[in-house]
Amino acid sequence: MDDPAYLDNWTVQIRRGWIELCVLKALERGERYGYDLVRMLAGLPGLDVTEGTLYPLLSRLRLQGLVSTRLVESAEGPARKYYALTARGRRTLAQMNDHVETLVRQVRRLGETEDRR
Amino acid sequence: MKPWSDEAREAFDAYCESRRGDLLAAGADPDEVFADWHAHIARETAGLPDASVGADDIRRLLARLDAPAEPAPAPAAPVAPSPAAPPRMPRLSRVAAVLVSIFGVALPLITLAVELATSMCAATFFDPLPSWVNGVLIALVPVANGLAVASLRRAGRPAWRAAGWLNGLAISVALFYALVFALLTPIAVFGILWFGLGFLPLAPLTSLICALALRLRLRRAAAADGLPPPAPVWKTLAAAIVLLGLAAAPRVVTLTGIQWAASEDAALRARGLRLLRNHGSEEELLRASYIRRQIQVDPWVWAFQLGTDPVPMERIREIYYRVTGRPFNAVKPPPLRGRRGAIFDEADWDFAQGGEAVAARVRGLSLAQSRIDGRIEAEAGVGYLEWTLVFRNDSPQQREARAQILLPPGASVSRLTLWINGEEREAAFGGRSQVREAYRNVVARRRDPVLVTTDGPDRILLQCFPVPPEGGQMKTRIGITCPLVVRDPGEGLLPMPRILERNFGAPGALQPSVWIDSDTAIADAGPLAIDRGAEGREARGELTTAALEDGLCVRVRRNRGAIASWARDDRDPASPVVVQQLVRPPAGPAAKRLAIVIDGSTHMREHTGELETILASLLRAGAELRVFFASDAVSTSVVDRASIPSLVAPKRYAGGCDNMAALVQAWDWASASGEGAVLWLHATQPFESDATESLLQRWQRRPDGPRIHACQFGGGPDRITDRLGVNPALRPVAPVAGPVADLAALGGPGSGGPTAPVWQWSKLPPGVPPPDGASPASAHLVRLWAADEIRRLAGDRSKGATDPAIALARTWQLVSAVSGAVVLETQEQYRQAGLKDIDPATAPDTIPEPMSALLALWGVALVFLGRGTVRVLRGPCVVPAGHR
């Protein structure tokens, strides 16, 4: 089937969960300045996410206790907001990773099973 | 950041408000997201060429943001705040800000200011400010509340982190003080309900409530603005406890030192003294010397006191001396602010009132005026001084003024006057216990007595009560009859009386005045001006306050041939002529061993030069010398010329030392030779030693053993001499012209050399005229004879032997070891005490009495009419060259 609308709809469905995973993953190795984080994620090929989407998401993740923020005074303008994973966020990221790997592995295994048949 | 145009701001705000609902639905905090977008756009526009950001820029960038209506569905996982009730830019309302400003800022500030100014709580309940750190921490509470209000009310959340930290600190401090003041809260509430007063004790509680309310707001604002939350309370509480611990460290160290220094274990005692000398707080030690018990607010000190037994106050006072080398009452009592919260404060209560000790300095009591008038009969070798003292009491209670006074050598108090309602009242003289009992009875009834009794050799204890409160004054006068000290027949010395110990202050501006007349020229009177216009026979001027304790010596010229004088005893018609004659005592045997005890107390450090001179002069006498240096332990050294500087080196002196162990060792060493002597060079000794009995035992078992010559450097009480001075084995060196000169006048103790002449008194048989060439003198000469006779009679231990001594003291109105003087207010009080006040006409005066010319005529008549010869006086006469 070669239906672009169907595919767009499917990628939107898939992308919803992936964005959160990408945000947490981007913070796994340490805290990041919010502006840089947003610009990096917005430019990620395939994720297709805008800055306007990411800020509300980061706010929700903070309220959920998965990320924390701190303000650092900046000589160039307003204070810079840095994001970091909380312990809870780190645990959630590990669970998400496990889930994704399991899912991908199962999907691949499904294909291999069909080939053997 | 580039400025935004009004249109740009409106465009942004409109966009944000249009998205608020979407964001709420998505589980985001709209205000936070708006702030993020704002920051993002500011960053993006930083690179634009325009100077300001316009509405088009905003619209373009917002379009690029492309914020979706539904960014991502919120998972079912637990969400901290419900999306239905998101945190909304929490700003403190105006009403809340006003309430916090009143109860969380103004009230604690006013309370702190009132307490600092009046010590209201400290004087009534306990001291809430035991250290300056407590004061700073309390002051931080209103500061923290004010800062939190400002940070919450103003855009941009100024000083956010400081506000968070201080809020935690304010909660810790306010909680602590709210608990401390919990007992007073009901009283405060009652006071507010009934009198409209009593808000001050509630300040900690209201401050705590305000700080907790502000903390809630700060946390919500932090969550809303993505700001750091306030610091945890446990962290700020820990910081406050550490700060309080640092402030309490000197007190805790001092209290630890006191506990150790009061220990039964000698090693621990020594360690305690070292700790206090090196690291203790002298102010804390002084405070502990005055305050019997204090309610502690400082948690560290409170915890320390929980685990220890209180040390008796007398012991602490001794420790103060052992640490500083000064008696505790030689310095001002600690100030009120330093003794806040004290209960049973000695400076206020004066537990020693009516007793026989000078004891603690009393608050508000001071010497307001001092004046000494004196007359010297130089040729006759007699002096008479009147010391008028006016005490002032600025405290709200009646006070007793007490002082131990050192008289000139051989002097006696012969007059005591008290001004009652502006009139002079003379004293009654009676047995020592009789006058003391009369004084005690009157003190108990709070009437006007003054008492003088002896308090050791040449020492008296003066007690005046009551000095009226609120600026009231009490005026008294002591008359002192004294022999001139004659070391060289051509010169007479009269040391002024001085205060050894007192329970009142002496302001620096006192300027005690002195006026001395002499019948010969005055050679030297220290700081006093000698009036040359009066042929140099008058010396007068104002002294410094310190001179009351340091002393002053007046030197007068004498005819070298004036070795005898006489006076008429008009109270004994049967045997009316008394003769006073200068004799030189026979030199004692030269000591083979001379033990020198040097007091290792701090004060002696000022006298190392004099000590070197004394040791060098003793070395020349040829006896075997050994120094017993009395510091915390006794160290013994053989004296030779080379070792003298190191023996008295300044670094060896510390604190106040117990000399008794060194005296006992020195006596043992000196007594081993059979012909030994001990010279004790010491500073003030305000405490008796436990080893006094050891010395007494030696003296009783070996009455012919070595004599101890005690020479004191500087002022201050000497309890050892007070106690042991009546024993002939202890010979105090009379302080006249300084220790070096005074010891030289003795010829060097144990040296066997010639000593200075002394006076002897005798009464001639009836009808026997005075000796040829003897100078006529005033009745003071008869008083000196009577004082000498009383000493002789009082030394007789047989039953009833003191009665004639007391009778003689009554007749000649003298204070002695067996008699005292007391002024009572009414004749009824005298009658009840079995005493009779003297006829004022019989009291001595600084005006010559009786006139010498009349006496001379009377003497001439006796010579012509008399029979028999002049009685030979005891001891060899001092006859200067050319008069033999």
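The following legends describe close-up views of a predicted model. Local features need pLDDT of at least 70 and side-chain atom pairs count only at pLDDT 80 or more, while totals for chains, interfaces and linings use all residues. Residues are numbered from 1 along each chain as its sequence is written, chains are lettered from A in the order in which they are written, and side-chain values use heavy atoms, with hydrogens and water left out.

**View 1. The aromatic pair B:Phe629 and B:Tyr653.** Rings of Phe, Tyr and Trp (its six-membered ring) pair if their centres lie within 6.5 Å; planes under 30 degrees apart count as stacked, over 60 as edge-to-face and the rest as tilted. Over all chains, 11 aromatic pairs are counted. The ring centres of B:Phe629 and B:Tyr653 are 5.4 Å apart and their planes stand at 55°, so this pair is tilted. B:Phe629 belongs to strand β23 of chain B, and B:Tyr653 to the loop between α19 and α20, 24 residues apart (strands are DSSP runs of E, at least two residues, and helices of H or I, at least four, numbered from the N terminus).

**View 2. Charges over rings in both chains.** A charge sits over a ring if NZ of Lys or CZ of Arg is within 6 Å of the ring centre and within 35 degrees of the ring normal. B:Arg652 lies over the face of B:Phe629, 4.0 Å from the ring centre.

**View 3. Helix α12 of chain B.** Seven of the nine residues in this helix, residues 282-290, are buried (under 20% relative accessible area, with exposed over 50% and partly exposed in between; 1.4 Å probe, protein chains only). Among them are B:Leu285, B:Arg287 and B:Tyr290.
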